[in-house]
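Open the structure in your viewer and keep the selection tool at hand. The stops below say what to select and what is there.

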Amino acid sequence: MRKGQYRFVAGFLFVPVALYLIFVIWPYIQTFGYSLTDWKGQSQTFKFVGLDNYRALFQDDVFLEAIWHNILFLIFIPVITILLALFFAFMVNAGGRGRAGGVQGVAGSKFYKIVYFFPQVLSLAILAVLFNAVYRSDGGGLLNGFLIKLGLVGADNPVEWLNEPDIVLWALILVVVWHGVGFYLVLFSAAMQSVPRDIYEAALIDGASRSQSFFRITLPLLWDTVQTAWVYLGIVAMDMFVLVSSMTQNMGAYGGGPDHHSDVMSTVMMRNFLYFGKSGYACAMGVVMLLLTLVLSVVTLRATRRERIEF
Amino acid sequence: MGSTSGENTTPGGVGRRDLIKRSAALGLISVPAMSFLSACASGGGGGSSDDEGKGKTSKSNPFGAEKGGKLDVVIFKGGYGDDYAKAWEADYQKKLGITSTHTGTQEITGKLQPRFNAGNPPDIVDDSGAQQIKVDVLYKNGQLLDLAEVLDAPSVDDPSKKVRDTLIPGTLDPGVQEGKVVALNYIYTVWGLWYSGKLFKEKGWTAPKTWDDFLAICQDAKKQGIGGLAHQGKYPYYINVAIMDLIAKKGGIDAVKAIDNLDPKAFVGSDAAQAGIEAIYEVVEKGLLMPGTNGLTHTESQTRWNQYKAAFITCGSWLENEQLKQTPSDFDMKFLPMPLLSGSTMPFEAIRAGSGEPFIIPAKAKNLPGAKEFMRHMLSKEWSTLFAKQANSLTILKDGVDSGVTLRPGTQSTVEASKAAGSNTFRYIYPDWYSEMDTAIQNASNELMAKRIQPKEWLKRCQAAVDRQAKDPASKKNHHD
């Protein structure tokens, strides 16, 4: 580069970096600062309390349980969503019966692609309203109404889906999966379409079955995309704030019930921050959330690193 | 409290995104700060309020609110709407020439927390609803004006009386923090059970006075395919109305004080608490709840009750206004004091009653004289009547509604009930003082209603919550006497 160009480039870089520092890095630092205080959130008066908040945090059963719930989400949401999306994408793109033309999707695959994508255009708030109607705890709920008609559930004892400690997390996972599968189906479809057809055709000629061609060809060639999907879904699983706070039994504020069985880190944090007025303590939770997220993203990227296949 | 807990449930509450935006904004303010630790928490803040809007004082204008001034009013727009406040503001402009900016919102915390932190709060705030900023929290941070000045000023209706002496006794108590009235709980609310006069007439039931009669009606209802008791299960706040009322009426005011004052025998070792929770558990065990009610939101279950799917529901007197649209015209909504357990200390007529919907004046308000004068007018008969007309509820002003105004049946029944109760009213203050303990008790009640825990375990959990709160040194400053 010639002299002067550096200045030109730096000029362009300065604004975004400055914005990033001011709006991202500085709040993180501030949060850390607040986490060492007994700040109550409504004014700028507080005392410095050192690491007391962090010490209290590791004895807070509710928060520890919430971390565990996030971990459960982190395992099940990506696994289920990606597996389903891969399966559907494969069926839509390469699952059809091989006619003379070679490899193609099942009949009507274009239609399915659009239909599967529908849930993705709904916002989380609408999703919550929708599934609140599905899971509603009396005969007016979609699931309960259906089960009562079938005679599987007594009209006097409907299932309180979101008020059952053993069901509530799964009920939430189902919502996220239903919402996400369509998007990842399209993502994986796009990736699959860039796989050259002749590879599939060669496999077909060699007598590969559908599952063989999926595991030996499709999956390895899609690995990069799967990895991306995993990171996105990991972010969703670490969050879950909107669904938990607007669907589950209220624990003072921001859902989390019954008996904290659906609380996640973000709902516990917000409850402490705003409702209990323990804002300094909540900031300590925020810092722990940040560290956990960082560790997880490093681990995920490391664990899924594979050799890249060029095609 | 007219609109506690589940009054408004915008999905998601105050989003984290808003929070992030806010903290980012805070960050921007504090960029110039040099050292990290000194800067770790430095928003705006500070700055004493200069006496803007201060004019001449006179007998009819004791605070010297200045003509042509501006007033920044923020109203919680929940069960009561905000039309009443608009009517007040119009009248205020006419009388005093002070124009106001009106904000009606459910997101009190979202809109106001940054302003309090930046030292730029509104002049008067109706700090209510699910997203209220807790009064205790605001007080601890020195953000609230001591309202003594307003309360000791002459009343608008009768200048020979102090404002303080025109109010229903005891209604200022919930707004007291460390001996000072810092929040004016403006709406007079009664809590208890509600039923449909029409349904009761149809079925030949009479309003029960004892718990046994109550159970008998529930059982009869169940036989006819109607639920007995409905509650707004998604917000366990509501079933606590029934549970805590039973405890109070059984054990008397001492049982109430034991809980408010964090007695080591508030729950475990209290006969009243045990009798109260066992009575509620009996309803659960005998299947007398409206099916599915444990998981319903307040609107869902109240609407079911309006559709005659349950005989009773627990609620405060905001219920009628909240259900205006869902209530059939011949429903004939009626209030009922909590029926008595045998051997109760209080009479049947005793009710949980008190003031709710805290109005506050921020200490750093720009137009303090204007805000004080506004609050003084709120406690006049004219404005109190305006409120009753617009919001179907009573205010803390004694005899505060012009007799020419006809009230809706539910509101009318609360007027009668509170007359019958006379001085037999009680009120728990722990939810205003200790939100964390309140949450723990609500959580235990939710588990009990779902039959996952028994009364014994409920008592243990509640006592644990009380004991935990008692360990907090800040709780020593509060005392219910």
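This is a predicted model: local features need pLDDT of at least 70, side-chain atom pairs count only at pLDDT 80 or more; totals for chains, interfaces and linings use all residues.

**Stop 1: the interface**

Select the residues of each chain that touch the other. This gives 54 residues from chain A and 53 residues from chain B. The two chains bury about 4,700 Å² between them, and carbon and sulfur atoms account for 56% of that area. On the chain A side, highlight A:Trp26, A:Gln42 and A:Tyr275, which lose the most area to chain B. Together these three make up 15% of what that side buries.

To inspect one of them, select A:Lys278 and B:Glu436, whose closest N and O atoms are 3.3 Å apart.

Now colour chain A by secondary structure. The elements giving two or more residues to the side that touches chain B are α1 (5-35), α5 (124-135), α11 (241-247) and α12 (265-275) of chain A. Of these, which gives the most? That is α1(A), with 9 residues. Coloured by residue class instead, this side of chain A shows 25 nonpolar, 20 polar and 9 charged residues.

**Stop 2: the loop between α11 and α12 of chain A**

Select A:Gly257 and A:Pro258 and check the peptide bond that joins them. The bond is cis, with omega about -5°. A:Pro258 belongs to the loop between α11 and α12 of chain A.

A:His260 is in the loop between α11 and α12 of chain A as well. Its phi is positive, about 65°, although A:His260 is not a glycine. Is A:His260 buried or exposed? With a relative accessible area of 12%, A:His260 is buried, because that value is under the 20% cut-off.

**Stop 3: helix α10 of chain A**

Select residues 223-239 of chain A. Helix α10 has 17 residues and reaches 25 Å from its first C-alpha to its last, close to the 24 Å expected at 1.5 Å a residue. Within α10(A), show the side chains of the buried residues: A:Thr225, A:Val226, A:Gln227, A:Ala229, A:Leu233, A:Gly234, A:Ala237 and A:Met238. What do the buried residues of α10(A) pack against? Their partners are α3 (61-94), α7 (168-193), α9 (210-221), α12 and α13 (279-303) of chain A. Then step to A:Met240, which follows α10(A) and has a positive phi near 65°.

**Stop 4**

Select residues 108-117 of chain B, helix α4. This helix is mostly covered, with 7 of its 10 residues buried. The buried residues in α4(B) are B:Ile108, B:Thr109, B:Gly110, B:Leu112, B:Gln113, B:Phe116 and B:Asn117. Just after α4(B) comes B:Gly119, with a positive phi of about 75°.

Finally, go to B:Glu178, in the loop between β4 (176-177) and β5 (180-181) of chain B. Phi of B:Glu178 is near 50°, a positive value in a residue other than glycine. B:Glu178 has a relative accessible area of 39% and is therefore partly exposed, as the value falls between the 20% and 50% cut-offs.

How values were computed:
Residues are numbered from 1 along each chain as its sequence is written. Chains are lettered from A and ligands numbered from 1 in the order in which they are written. Side-chain values use heavy atoms; hydrogens and water are left out. Contact means heavy atoms within 4.5 Å. Buried area is the accessible area (1.4 Å probe) that two parts lose on being put together, summed over both. A salt bridge is a side-chain nitrogen of Lys or Arg within 4 Å of a carboxyl oxygen of Asp or Glu. Helices (H or I, at least four residues) and strands (E, at least two) are DSSP runs, numbered from the N terminus. Ala, Val, Leu, Ile, Met, Phe, Trp, Tyr, Cys and Pro count as nonpolar, Asp, Glu, Lys and Arg as charged, and the others, Gly among them, as polar. Buried means under 20% relative accessible area, exposed over 50%, partly exposed in between (1.4 Å probe, protein chains only). The expected span of a helix is 1.5 Å times one less than its number of residues.
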